[in-house]
Amino acid sequence: MAELTLPLDRQYIPADLPKRIRHYIDSSFVDSLDGDTFDVLEPVFNGVYARAAAGKSADVDRAVDSAKRAFSDGPWPRLLPRERSRVLHRIADIVESRDARLAELESFDSGLPISQALGQARRAAENFRFFADLIVAQTDDTSKVPGRQVNYVNRKPIGVAGLITPWNTPFMLESWKLAPALATGNTVVLKPAEFTPLSASLWAGIFEEAGLPPGVFNLVNGLGEEAGDALVKHPDVPLISFTGESRTGQLIFANAAPYLKGLSMELGGKSPAIVFDDADLDAAVDATIFGVFSLNGERCTAGSRILVQRGIYDEFVERYAAQAERIVVGYPHDPSTEVGALVHPEHFAKVMEYIEVGKTEGRLVVGGGQPERFAFGNFVAPTVFTDVAPDARIFQEEIFGPVVAITPFDSDAEAVTLANDTRYGLAAYVWTNDLKRAHNVAHAIEAGMVWLNSNNVRDLRTPFGGVKASGLGHEGGYRSIDFYTDQQAVHITLGAVHNPSFGKVPDARSEK
Ligand code: NAD
């Protein structure tokens, strides 16, 4: 086995960094049954800093078996909502109390700027707190036909939920699925992204400390095509909640079809930000910069296409370029860093390839490669292309990095046509001070979520999800509760039983 290659003398390394990342099954950290591992890289020098257990179907079988036993024999699904809620609140408390350490590890593993990783750790705690509150406030439908019938909904956890997550903001996105799945009394098997397995392994300790019963949470690391695929095809996993690329989602749809599983699909995006000529330009420039360059541009809801009305186009581009040029690229652990390093050399290569494509498709005004001071690892300079035509690949395809395409438009109708002119439909942002226009444009856009004069700031009660190639189903608030539960309808007769009688004994007259 090759040595770990992290250049220890060259960069910041968190204290007590694990060298092995293992599965967590039935309350124990374990290796893969076949002993296989994969290398885990940090994104600044692409040094191998750890080896993670590479789960296969035999490991997934063990994890599902553990989760299944915890569901059928353990206390978790049978606890009162208040009791589960207390555990979830304790989880939130622990995550909050360790936010700095979580952020440190997440930033080291993923390349996210530390200040943004800290925000994501706190958001993860908030997800647990939110669902802890929601399940105790939860009411279900009851309906009545006077004098005849009462119907009520008996909401039940479903069983073992398979949770498959991506590498962008991994800990937070895991919390997004773990919190509602657990709150509703399910047991889980989590398969985190292979690029960023570090923070997922921290859940085990947090859950143990918070009092989650044994076997309820299980974690299998590994490649998507192996561990992820085995989870999708496991007959004892009735639910798959997946966040990742649209083409992986398509594959999972097909692979889950023979089992008729419940699927929640949060997929890719190429979200438009439309700036009309009556918009508050200061706010629009700030927001559209943050919208695509925060989280290194590795953000599903990134406003990666900016559509700007012709009358303000030149001014917008000038101001946007000047500000984008000033974005601070730096080491992920540096609190002043605004854009860190992309997660992995494979992803870095993909983003750099798009930048080269962009140079043939638009006018490069900022960036266009690695920053001078950071011409190593997976650093990419914030990159701005203007005058990008709608049929350009950098207009149509998800790049998932710090790269933006700016395109002019003339009328409201053209703005809507351009906004809708991709296969995706996750988010959209509209900047205008005209109330009617704001709502009419929002309604006409094919996107699961629209922000008017706002950045991506989301109230946890609202539905989250995309249309078209961006996903199927919505999570968020009660929609997550609905996904992770069966709503069994129970019907009770109150009055006389009204049965149409088949095979009745014929009466005397009709016998003659
Ligand atoms: P990905 O699809 O490559 O991988 C996501 C997860 O799926 C990983 O854990 C991976 O191991 C697993 N996987 C891969 N192949 C699999 C298979 N055949 N069967 C089962 N599991 C498999 O995505 P990624 O590159 O990790 O993440 C980036 C993508 O995620 C982007 O497209 C982004 O837009 C999307 N995303 C969407 C949302 C949303 O809510 N809509 C949020 C974040 C990220």
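**Close-up views of a predicted model**

**View 1. D26 sits in a loop between two strands.** With a relative accessibility of 35%, D26 counts as partly exposed (buried means under 20% relative accessible area, exposed over 50%, and partly exposed in between, using a 1.4 Å probe and protein chains only). Look for D26 in the loop that links strand 2 (23-25) to strand 3 (28-30). Strands here are DSSP runs of E with at least two residues, helices are runs of H or I with at least four, and both are numbered from the N terminus. The phi angle of D26 is near 55°, a positive value in a residue other than glycine. Most residues other than glycine have a negative phi. This is a predicted model, so local features need pLDDT of at least 70 and side-chain atom pairs count only at pLDDT 80 or more, while totals for chains, interfaces and linings use all residues. Residues are numbered from 1 along each chain as its sequence is written, and side-chain values use heavy atoms, with hydrogens and water left out.

**View 2. The whole chain, before zooming in again.** The protein chain has 16 helices and 23 strands. Its radius of gyration is 25 Å, close to the 24 Å that the globule rule gives for 512 residues, so the chain is as compact as a globular protein of that length. That radius is taken over C-alpha atoms, and the rule is 2.2 Å times the number of residues to the power 0.38. Buried residues make up 57% of the 512 residues. Among contacts in the chain with a separation of 6 or more, 73% are between residues 24 or more positions apart; contact means heavy atoms within 4.5 Å.

View 3. Two strands count as paired if DSSP finds at least two bridges between them. Strand 4 and strand 5 (residues 48-53) pair in the antiparallel sense, over five bridges. You can trace that pairing residue by residue: T37 stands opposite A53, and F38 has A52 as its bridge partner. Six residues lie between the two strands of this hairpin, where N46 takes a positive phi near 55°.

View 4. L4 is partly exposed, at 27% relative accessibility. What does L4 touch, not counting residues up to four places away in sequence? The list is K19, V48, Y49, A50 and R51. L4 and R51 are 47 residues apart in sequence, yet their C-alpha atoms are 8.3 Å apart in space. D16 is exposed, with a relative accessible area of 71%, and has a positive phi near 55°.

**View 5. P146 is in a loop.** Find P146 between strand 6 (142-145) and strand 7 (149-157). At 64% relative accessibility, P146 counts as exposed. Although P146 and G495 are 349 residues apart along the chain, 9.3 Å separates their C-alpha atoms.

View 6. In helix 8 (residues 246-256), S246, G249, I252, N255 and A256 are buried. Their cover includes helix 7 (224-232), strand 8 (160-164), strand 11 (239-243), strand 12 (262-266) and strand 18 (424-425).

**View 7. Strand 13 is buried on both faces.** From strand 13 (residues 272-275), P272 and I274 point one way and A273 and V275 the other, and all are buried. Strand 13 runs parallel to strand 14 (residues 305-309), joined to it by four bridges. One of the partners to spot is V308 in strand 14, which is bridged to V275.

View 8. Setting aside neighbours within four places in sequence, T386 is in contact with Y313, V317, G362, R363, V365 and I406.
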